[in-house]
Amino acid sequence: MLPKSLILSLVGVLLVTFSVFAGTSVLEGVAKDATGPIKGADVRIEAKNFSKILKTDASGHYVTDSLPVGTYKVMLVINGQVKTSVLEAKTQLGKPTQLNFDLSGKRASANVEKVRRPAAYGKDIMDIRVSPPH
């Protein structure tokens with residue numbers, strides 16, 4: 001029988017190995033409205049059993065790395081109100097995902113457009129554009 005400390009060490013090595021293979025991703029973007037960048041807005045990132053809140057900086061920029069690869073609900077919250085959200089923002093291993101919020105319209109109902117850049121650029125873009133009232 002192996003000593004308990006050796007078994008625990010092996011389990012630890014396996015967990016680290018699996019978490020490296022599971023991989024992490026980067027989610028970043030910019031929030032702006034008709035007046036320019038939105039400073040100090042909350043960007044809420046949620047998934048099953050996971051939640052993270054980021055703040056936009058003076059340029060309206062936010063970034064999080066070491067995010068497990070997966071599908072997330074991402075919300076832009078200003079003064080406690082959800083202004084817009086993306087229900088299925090997907091991140092990928094080794095490719096930063098750009099998710100921009102543009103609240104230039106009069107309402108905060110968003111159309112999501114995912115644009116694939118050529119491989120030379122190395123990232124996918126998701127832009128949230130607010131639809132003007134109909």
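# Close-up views of a predicted model

**View 1. The side chains of D42 and K55 form a salt bridge, with 2.8 Å from N to O.** The model is predicted: local features need pLDDT of at least 70, side-chain atom pairs count only at pLDDT 80 or more, and totals for chains, interfaces and linings use all residues. Residues are numbered from 1 along each chain as its sequence is written, and side-chain values use heavy atoms, with hydrogens and water left out. A salt bridge here is a side-chain nitrogen of Lys or Arg within 4 Å of a carboxyl oxygen of Asp or Glu. By this rule the count is one salt bridge. D42 lies in strand β3 and K55 in strand β4, so the pair ties together parts that are 13 residues apart in sequence. Strands (E, at least two residues) and helices (H or I, at least four) are DSSP runs, numbered from the N terminus. D42 is buried, with a relative accessible area of 16%, whereas K55 is exposed at 54%. Buried means under 20% relative accessible area, exposed means over 50%, and partly exposed lies in between (1.4 Å probe, protein chains only). Side chains of opposite charge can pair when their charged atoms come close.

**View 2. Four strands make an open antiparallel sheet in the order β4-β3-β6-β7.** Two strands are paired if DSSP finds at least two bridges between them. The edge strands, β4 and β7 (81-90), each pair on one side only. Neighbouring strands of this sheet are turned by 20 degrees against each other on average, direction ignored. For this angle, axes are lines fitted to C-alpha atoms (for helices over the stretch in contact), and angles run from 0 to 180 degrees between N-to-C directions. Strands of a sheet pair through backbone hydrogen bonds, either parallel or antiparallel.

**View 3. Strand β6 pairs with β3 and with β7.** Five bridges join β3 to β6, and the two run antiparallel. Across this pairing, V43 stands opposite L76 in β6. Between β6 and β7 there are seven bridges, also in the antiparallel sense. On that side M75 stands opposite S85 in β7, and V77 has V82 of β7 as its bridge partner. The hairpin of β6 and β7 has two residues between the strands, and N79 takes a positive phi near 50 degrees there. Six of the eight residues of β6 are buried, so this strand is largely enclosed by the rest of the structure.

**View 4. The largest nonpolar core has 18 residues.** Such a core is a set of buried Ala, Val, Leu, Ile, Met, Phe, Trp, Tyr and Cys residues joined through side-chain atoms within 4.5 Å. The members that touch the most other members are V43, V74, L76, L99 and F101. At least two residues each come from β1 (24-33), β3 (42-47), β5, β6, β7 and β8. Strand β6 supplies the largest share, four residues.

**View 5. F50 and Y72 form one of two aromatic pairs.** Rings of Phe, Tyr and Trp (its six-membered ring) pair if their centres lie within 6.5 Å; planes under 30 degrees apart count as stacked, over 60 as edge-to-face and the rest as tilted. The ring centres of F50 and Y72 are 5.7 Å apart and the planes stand at 65 degrees, so this pair is edge-to-face. F50 belongs to strand β4 (residues 50-55) and Y72 to strand β6 (residues 71-78), so the pair ties together parts 22 residues apart in sequence. F50 is partly exposed at 26% relative accessibility, and Y72 is buried at 4%.

**View 6. Y62 and F101 form a tilted aromatic pair.** The ring centres of Y62 and F101 are 6.4 Å apart and the planes are at 35 degrees. This pair links distant parts of the chain, 39 residues apart: Y62 is in strand β5 (residues 61-68) and F101 in strand β8 (residues 97-103). Y62 is buried, with a relative accessible area of 1%; F101 is also buried, at 1%.

**View 7. The side chains of E28 and H61 are joined by a polar contact of 3.3 Å.** A polar contact is a pair of N or O atoms within 3.5 Å; within protein, one must be able to donate a hydrogen and the other to accept it, and residues adjacent in sequence count only if both atoms are side-chain atoms. E28 is found in strand β1 and is buried, at 14% relative accessibility.
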